[in-house]
Amino acid sequence: MRQLYVNGAWVPSASDEAIDVINPATEEVIDRVPAGSPDDVEAAVRAARDAFPSWAETPPAERAKYLAAAADLLTKRADEIARTIATDMGAPLQFALKVQTLMPAMVLSSYAEIAQRYAFDAGTVGNAQILKEPAGVVGAITPWNYPLHQIVCKVAPALAAGCTIVLKPSEVAPLAAYALAGVFEEIGLPRGVFNLVSGYGPVVGEAIAAHPEVDVVSFTGSTRAGRRVAALAAETVKRVALELGGKSANVILPGADLERAVKVGVASAFQNSGQTCSAWTRMLVHQDFYEEAVRLAAGFAGKYPVGDPFAEGTRLGPLVSAAQRERVVRYIERGLEEGARLVTGGTGNPMERGYYVEPTIFSDVAPGMTIEQEEIFGPVLAVIPYRDEDEAVAIANGTPYGLAGAVWAESDEKALEVARRLRAGQVAVNGGKFNVLAPFGGYKQSGIGRELGEFGLEEYLEVKAVLR
């Protein structure tokens, strides 16, 4: 069984309980990690607290060197780590390499650069000198769907800011976190600056969120769990950053390139087997072009073969766990019960073993249906007709979420006009690409705060006014 990483060393957990790590493609146990305890959290927070003064005083340029070294080593180990992620959570190998591993390396590099140029001394306002200082000890609680990227999106800016960290990765797919700890150990990151405690959310996660010596808690996961984290954190009035669920709308306006909009929209919905919080899981199409869009979507869905993550040509791996597959199947059944029309896919498992779901598309989806309102987190796309632009905007904004979205139109100007009306934290216009320097986060119940770029750094900074 693996150990915890606390105060610069691999140490056994105070708990004897272990968590099996299961390969979702084979249903076999591939590793075991400790089910950490509150005592483990206490030791990790103490190490992070002790390391904080020295790390906070380390010049930003020196902190940047550690981030750059971590990015370089992560890149060198990318093939190995991608194989770990493909095995641990089921992402197809090429996706695990390009998105799940190399993109986090890019994020580390971006914060190495930001740390060197950011104005921590923010100038003056009248007789006040404005300073931006590290907030303290950060508790990071991360999910399984992007098990390295979501960690790096918290750890990299926190380190750049001068904070120290206690990380709890998802117990469902924890191995990428261990790989990152190994990277930090090898580059010589000072003891106690980064600490890893594996375990269950209700035990380790809650102990981190409630700990009085944790100054910031950053959580990515479900909205329900985010509410619990926020409630616990409120008891000690600590800062909270939440990146939660989504039900993002892909709005295709008349005059847009329909085929391209549908193709890219299907790709977004099915990326990572649909286990992406920002996926465009609702496709909104004008009624005059609706049936053509449904036909196109079904055709593109056929180009997403399901299979072993390591098999050539696989574009959809398994869902991460048996529980996740059961959840997605229940949503598909609910869609049928509420009158949506199944165009392709369904509840059957296309493989003899593993937690697979076929790429699934529903048409005749009406606003208010469960599959239109709730986050499914599987390869399920709902195609929804609308009559005019105002109705499209109303439908797009008509869920509790507001994480991401897309607008397609005959011109960028028209698409931008509608994008401004969407209550979402990030909107792609006519296929705009993901940007690791752009702020990422949501409106409404999709969360609080932002990740990536300078906006992400500022989540881990306090602002001080020195009056002269």
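Guide: Two strands pair if DSSP finds at least two bridges between them. Strands (E, at least two residues) and helices (H or I, at least four) are DSSP runs, numbered from the N terminus. The model here is predicted, so local features need pLDDT of at least 70 and side-chain atom pairs count only at pLDDT 80 or more, while totals for chains, interfaces and linings use all residues. Residues are numbered from 1 along each chain as its sequence is written, and side-chain values use heavy atoms, without hydrogens and water.

Visitor: Which strand pairs in the parallel sense with strand E12, residues 249-252, over 4 bridges?

Guide: Strand E13, residues 282-286, is one such partner. In that pair, Ile252 stands opposite Val285. E17 also runs parallel to E12, and 4 bridges join them.

Visitor: Which way do the residues of E12 point?

Guide: Ala249 and Val251 point one way, Asn250 and Ile252 the other, and all are buried. Buried means under 20% relative accessible area (exposed is over 50%, partly exposed in between; 1.4 Å probe, protein chains only).

Visitor: What unit do E12, H10 and E13 make?

Guide: They form a right-handed β-α-β unit. With the strands pointing away from the viewer, right-handed means that the path from the first strand over the helix to the second runs clockwise.

Visitor: How many disulfides does a search of the whole structure find?

Guide: The search returns 0. A disulfide is counted when two cysteine sulfur atoms lie within 2.5 Å.

Visitor: Which residues lie nearest the centre of the second largest pocket?

Guide: They are Trp144, Gly221, Ser222, Arg224 and Ala225, out of 39 lining residues. On a 1 Å grid over the protein atoms alone, a pocket is an open set of points where a 1.4 Å probe fits, with protein on both sides within 12 Å along at least five of seven lines; lining residues have an atom within 4 Å of a point. Helix H8 (201-210), strand E10 (216-220), helix H9 (223-234) and helix H12 (322-337) give two or more residues each to that lining. H9 gives the most, with 6 residues.
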